[in-house]
Amino acid sequence: MNRFIQELTKGLWKEIPPFRLLLGLCPVLAVTKSASNGLGMGLAVLFVLTLSNMIISMVRGFIPKKVRIACFITISATLVVAVELLMQAYAYPLYLQLGIFVPLIVVNCVILGRAEAFAAKNPVHLSIADGLGIGLGFTMSLTFLGAVRELFGTGAVFGVPVMWEGFQPFTVMTEAPGAFLCLGIILGLMNWNTQHQARKRNLAVPENPLPGCGGCTACGAGRQGE
C-alpha cells in the first residue's frame, strides 16, 4: 500500500513532469494561453496516460522487446483517437482551441517515457498509480501555467475577470514569448526553493551531538576528545 501511495503522489511535486522532469514541454508552451485550455489538455493526457500504463502493464509479457516502442505508440494512438472523438462530441470548442496538439499526444514524451520506464516493468496496480500521479501533476502544471498567463494577459481566470478596474493586461503573456517567460520564472523559483531547502538541511545543527561523532563540522562535536 505504501508503494502505491508513493507512486500516486510522486507526480504531484517530486516528479512533476514539466517543472521537474522537463517532459512534454511542447503542449505546455503551446496550449496554455488560458486555464481552461491547460485543464482540457491535462485531462486528455491524464486519460491516455493512465489507460496506456494499465494496458501496457497487462500485456507487457506478450510484447516482443524489438517492437515494444511500436506497440506502445499503437496503444496510445488508439486511446488518443478515443479522446479526440469524445472531445469532438462533448467539448468541440475546446477541441478547436487545442487543435493539432490533441493528436500529438500520441508522441508525447510523457506517455512514451512512462510506458518504457515504468509500465513495461511494473505490475498493473502500480502502473495505474504512476499514470494517475504523473497525469494529475501534468494537469495541475498546465492549469496553473495557463491561469498565470491568462491572469496577467487578460485579467481573468477561466474567463472570469478578477483584476481591478483599469488593469492594463500584459498582452505578451498570451503570446509565445509569454509562455517561455512564465515557464522560466516558475522553473527558477522551484530551483531556488530546492537549493534553499538543501542549504537548510546541510546547515542544520544536531540538537544532541555525540562526542567524537565526526558527522559534521557545524558544531565541532567531531573534534571533541582529540
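The model is predicted, so local features need pLDDT of at least 70 and side-chain atom pairs count only at pLDDT 80 or more, while totals for chains, interfaces and linings use all residues. Residues are numbered from 1 along each chain as its sequence is written, and side-chain values use heavy atoms, with hydrogens and water left out.

**Overall architecture**

- The protein has nine helices and two strands (DSSP runs numbered from the N terminus: H or I of at least four residues for helices, E of at least two for strands).
- Read from the N terminus, the order of elements is α-α-α-α-α-α-α-α-β-β-α.
- Of the 226 residues in the protein, 38% are buried (under 20% relative accessible area; exposed is over 50%, partly exposed in between, with a 1.4 Å probe and protein chains only).
- Considering contacts between residues at least 6 apart in sequence, 70% join residues at least 24 apart (contact means heavy atoms within 4.5 Å).

**Packing of α4 with α7**

- Helix α4 (residues 35-59) packs against helix α7 (residues 109-119) at an angle of about 30 degrees, and their axes are 10 Å apart (axes are lines fitted to C-alpha atoms over the stretch in contact, with angles from 0 to 180 degrees between N-to-C directions).
- The angle therefore makes α4 roughly parallel to α7 (under 35 degrees is roughly parallel, over 145 roughly antiparallel, 65 to 115 roughly perpendicular and the rest oblique).
- On the α4 side, the contact is made by Val45, Val48, Leu49, Ser52, Asn53, Ile56 and Ser57; α7 contributes Val110, Ile111, Arg114, Ala115 and Ala119.
- By class, eight residues of this α4 and α7 contact are nonpolar, three polar and one charged (Ala, Val, Leu, Ile, Met, Phe, Trp, Tyr, Cys and Pro are nonpolar, Asp, Glu, Lys and Arg charged, the others, Gly among them, polar).

**Packing against α8**

- The axes of α4 and α8 are 8 Å apart, at an angle of about 170 degrees.
- That angle makes α4 roughly antiparallel to α8.
- The contact of α4 with α8 comprises 17 nonpolar, eleven polar and two charged residues.
- Helix α7 also meets α8: their axes come within 11 Å and cross at roughly 150 degrees.
- Helix α7 is therefore roughly antiparallel to α8, and the crossing of α7 and α8 is right-handed.
- Val110, Arg114, Phe118 and Ala119 of α7 face Leu126, Ser127, Asp130, Ile134 and Phe138 of α8 in this contact, which has six nonpolar, one polar and two charged residues.

**Nonpolar core**

- In soluble globular proteins, nonpolar side chains tend to be buried together.
- The largest nonpolar core here has 38 residues (a set of buried Ala, Val, Leu, Ile, Met, Phe, Trp, Tyr and Cys residues joined through side-chain atoms within 4.5 Å), and Phe19, Met41, Val48 and Ile105 have the most contacts inside it.
- Two or more residues of this core come from each of α3 (25-30), α4, α5 (68-90), α6 (92-98), α7, α8 (124-154) and α9 (176-203).
- Neighbours within four places in sequence aside, Met41 contacts Pro27, Val31, Leu98, Phe101, Val102, Ile105 and Leu142.

**Individual buried residues**

- Pro18 is located in helix α2 and counts as buried because its relative accessibility is 0%.
- With neighbours within four places in sequence left aside, Pro18 is in contact with Leu23, Leu25, Val28, Phe138, Ser141, Leu142 and Leu187.
- Although 92 residues apart along the chain, Pro18 and Val110 have C-alpha atoms separated by 9.2 Å.
- Thr50 lies in helix α4 and is buried, its relative accessible area being 11%.
- Beyond its neighbours within four places in sequence, Thr50 contacts Ile128, Gly131 and Leu132.

- Leu22 is not a glycine, yet its phi is positive, at about 55 degrees.
- Leu22 sits in the loop between α2 (17-21) and α3, and is partly exposed because its relative accessibility is 45%.
- Phe158 likewise has a positive phi, near 55 degrees, in a residue other than glycine.
- The loop between β1 (156-157) and β2 (160-161) holds Phe158, which is partly exposed at a relative accessible area of 45%.

Terms used. A crossing is left-handed if the near helix is turned anticlockwise from the far one by less than a right angle, and right-handed if clockwise.
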